[in-house]
Amino acid sequence: MIPLANPKAQYLAHQQEIDAAIAAVCSSGRYILGEQAHLFEQEFAAYLGLKYAIGVGSGTEALHIALRACGVGEGDEVITVSHTAVATVAAIELCGARAVLVDIEDPYYTLNPELLEAAITPRTKAIVAVHLYGQPADIQAIVEVARRYGLHLIEDCAQAHGASYLGRKVGSWGDCACFSFYPTKNLGALGDGGLVVTNDPQLAERARLLREYGWRERYISEIAGWNSRLDEIQAAILRVKLKYLDGDNALRVHLAELYAHELHDYPDLLPQTRSGAYHVFHLYVIRVPRRNELQTFLNERGIGCLVHYPQPIHLQPAYLNRLKGSDHLPQTERAAREVLSLPMYPELEPQAVLQVCEAVREFLGYVGVK
């Protein structure tokens, strides 16, 4: 079996350091918002070249808190995409706001900035730009539109730890940005975790208040907030793994190059990298007209693969016929029919990639895809 992702392999790669970090937390007697969380916040902010980072309970909660910190609330509209994890839209709706959808760029799968202005109304408060699969969105163009209209820009970096555009890391372009540390991410914990980052001291202070009941002084709520805190054990694990993030991303890029080399006869299937972008390949996503058949073919041969995502958010039962902009998203709907994620993680052996590619070529030859 070749798994799609293998967080256990990463744990084993750094087991001694991770075990020591966990033991140190257990011995410390401080398990919530202690030294490890504080140090990780400092270290991750420095990694991005930013001033502030606020650890929270998950990537979804990071988006929710970032939106709230930007003042998004009841009756507001937030522009984003439908080709993303449902968390992006769920976080908008947790604020009482309405998600407004625009289509993605072919072949990059990220928000098309040329469609932004037509989606802006007097109710528009913010844009959530998703850096998907490890690929940076055209964030410079999105920033220009956001600034021109006075909108908040929040980057969803849940799949793009360490990615950059024009030499500048994603997460450092918008008013604030959000990261997830789900175990399979490029920087993954051994449980849930998330982070809000910003250079704005007021947004940072508001996010800190929101993550813990609005407390500045314990038990005294200055504003209405929630309980969403990055725990000490996860922070300690992330501090260990952060040291290896760039090296692990380089391994992902190398594996992506090997995939591209082995599948070079099928260029239309291969993922494309935006000019000026450093793609960190959280997922290695090909697109195949007979995708479901290929997925079954690979699974039968012990090769893990998944569809990210099989239904755009606007076509899922919970959101059907109620999200603004959902009536014309042709690139989004085409991607959902064709994309397939192949195995990708830093510890994946090159020989396994060759095995996956051999199976893909066998299928494509059998069905006559060129």
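I count a salt bridge when a side-chain nitrogen of Lys or Arg lies within 4 Å of a carboxyl oxygen of Asp or Glu. The model is predicted, so I take local features only at pLDDT of at least 70 and side-chain atom pairs only at pLDDT 80 or more, while totals for chains, interfaces and linings use all residues. Residues are numbered from 1 along each chain as its sequence is written, and side-chain values use heavy atoms, with hydrogens and water left out.

**Entry 1: overall build**

I looked up the secondary structure and found 13 helices and 14 strands in the chain. These are DSSP runs, numbered from the N terminus: helices are H or I with at least four residues, strands are E with at least two. The radius of gyration is 20 Å, close to the 21 Å that the globule rule gives for 370 residues, so the chain is as compact as a globular protein of that length. That radius is taken over C-alpha atoms, and the rule is 2.2 Å times the number of residues to the power 0.38. The C-alpha trace spans about 65 × 55 × 40 Å along its principal axes.

I then checked burial. Buried residues make up 58% of the 370. Buried means under 20% relative accessible area, exposed over 50%, partly exposed in between (1.4 Å probe, protein chains only).

Next came contacts (heavy atoms within 4.5 Å). Of those between residues at least 6 apart in sequence, 72% join residues at least 24 apart.

**Entry 2: salt bridges**

I searched the whole structure and found 20 salt bridges. Side chains of opposite charge can pair when their charged atoms come close.

Glu 93 pairs with Arg 322, with the closest N and O atoms 2.8 Å apart. Glu 93 lies in helix H5 (residues 87–94) and Arg 322 in the loop between helix H11 (291–300) and helix H12 (330–338), so the pair ties together parts that are 229 residues apart in sequence. Glu 93 is partly exposed at 26% relative accessible area. Arg 322 is partly exposed at 39%.

Glu 105 pairs with Arg 274, and here the closest N and O atoms are 2.9 Å apart. Glu 105 sits in the loop between strand S3 (98–102) and helix H6 (116–119), Arg 274 in the loop between helix H10 (245–262) and strand S12 (277–278), so this bridge ties parts 169 residues apart in sequence. Are these two partners buried or exposed? Glu 105 is buried at 15%, and Arg 274 is buried at 6%.

Arg 148 and Glu 117 meet in a salt bridge of 3.1 Å, N to O. Arg 148 is in helix H7 (residues 139–149) and Glu 117 in helix H6, 31 residues apart. I also noted one network in which bridges with shared partners join Asp 106, Arg 287, Arg 334 and Glu 338.

**Entry 3: Asp 76**

I looked up Asp 76 in the loop between helix H4 (59–69) and strand S2 (77–81). Asp 76 is buried, at 16% relative accessibility. Which residues does Asp 76 touch, not counting those up to four places away in sequence? I found Gly 71, Ala 97, Arg 98, Arg 123 and Lys 125.

**Entry 4: a sheet of three strands**

I traced an open sheet in the order S7-S6-S12, with antiparallel pairing. Strand S7 (168–169) and S12 stand at the edges with a single partner strand each, so one side of each has no neighbour in the sheet. Two strands pair if DSSP finds at least two bridges between them. Two bridges join strand S6 (residues 164–165) to S12. Tyr 165 stands opposite Ala 277 in S12.
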